[in-house]
Amino acid sequence: MADKPVNVLVIGATGNIGSQVISVLKDKYKGVNPIAAVHNNKAEKLGVPSREFDFNNPETVKEALKGIKRVFLLTPPGLEQAKQCNMVVEAAKENGVDFIVRLSGNAVVDENTIIGKNLLAAENVVEQSGLGYTHLRASNFYSNLFNKANFIKTGVLPTAAKKGKVWWIDPSDVGAVAAAILANPDPHKGIAYVLNGPDYYSYNDIARLFEKEIKREVTHVPLTAADYQKELEESFSKFIEHEGTRKLLAQALTELDTIVEKGKYRKVPGNFHVEEIAEKEPKSLETWIHENANAFK
């Protein structure tokens with residue numbers, strides 16, 4: 001008799017990365033049963049079972065983890081990531097979960113920033129749980145450039161990164177790595193993988209890529225951190241209603257740029273983890289810009 005598929009709960013299932021985790025698990029790996037953790041039943045298009053999950057309602061967290069053996073743990077950006085990880089960890093231990101893949105970020109290279117400090121605190125919660133785990137320290141997501149779309153449409157690309165360079169990665173590649181580990185976690189226990197795409201770019205380089213694709217001049221505009229954060233907050237006011245959310249997102253993105261400006265991302269390696277673990281070539285930033293060009297025109 002064939003072994004019963006292992007139940008895998010994907011937290012953050014409707015996002016760019018979580019949806020890819022589910023898609024790859026469903027299509028490529030037969031020994032697992034992906035289950036989407038969602039709020040207000042927003043999983044219709046994922047094609048897998050779903051469970052109600054809301055960090056603001058701890059009871060849903062406990063219920064969602066019943067019968068689960070492995071978890072993909074993505075928490076919303078913010079200052080409560082360690083607290084949210086702890087909620088999942090405690091419920092996981094109660095329900096016999098044996099492995100967690102935690103989506104972290106390579107901003108942990110600078111624990112003096114708010115974002116770096118919060119990511120490290122969340123990682124520590126998972127590490128101290130006694131459960132098997134892998135951290136995925138992803139580099140800058142290509143999709144973060146959507147936050148700059150309003151600027152790029154006007155021909156400018158403001159940042160606080162100056163001439164600094166950073167590794168970039170497609171969220172779908174991160175999802176593919178996470179799915180591979182969830183399907184076969186043993187070789188990856190206790191490891192923190194730095195995940196990069198194939199490209200190490202400055203924002204001057206990125207401006208040239210946009211110019212090539214959208215056939216219009218795009219100029220990188222270096223700003224001070226304070227001025228850049230202010231520019232972001234004003235830009236986000238057009239589509240983010242809550243002032244606190246705007247400030248937090250603007251602050252996080254500004255901190256990422258200051259890490260780039262300091263050159264700290266030079267210390268991390270290239271993209272071999274995507275190729276080795278997910279068995280796929282990582283998508284280039286040039287390809288991603290081509291696929292999403294309409295959002296920047």
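Reader: Which elements do the buried residues of α9 pack against?

Author: Buried means under 20% relative accessible area, with exposed over 50% and partly exposed in between (1.4 Å probe, protein chains only); contact means heavy atoms within 4.5 Å. Helices (H or I, at least four residues) and strands (E, at least two) are DSSP runs, numbered from the N terminus. The partners of the buried α9 residues are α4 (114–127), β7 (140–141), β8 (156–159), β9 (165–169), α7 (203–214) and α8 (225–236). This is a predicted model, in which local features need pLDDT of at least 70, side-chain atom pairs count only at pLDDT 80 or more, and totals for chains, interfaces and linings use all residues. Residues are numbered from 1 along each chain as its sequence is written, and side-chain values use heavy atoms, leaving out hydrogens and water.

Reader: Which residues of α9 are buried?

Author: An α-helix has 3.6 residues a turn, so residues three or four places apart point the same way. In α9, the buried residues include Arg246, Ala250, Leu253 and Asp257.

Reader: How many residues does the largest nonpolar core have?

Author: In soluble globular proteins, nonpolar side chains tend to be buried together. A nonpolar core is a set of buried Ala, Val, Leu, Ile, Met, Phe, Trp, Tyr and Cys residues joined through side-chain atoms within 4.5 Å. The largest one here has 36 residues, and α7 supplies its largest share, 6 residues. Ile206 is among those with the most contacts inside this core; its partners include Leu145, Trp168 and Leu285.

Reader: Where is Val218 found?

Author: Val218 sits in the loop between α7 and β12 (219–222). Val218 counts as buried because its relative accessible area is 0%. Among the residues Val218 touches are Ile152, Leu157 and Phe210.
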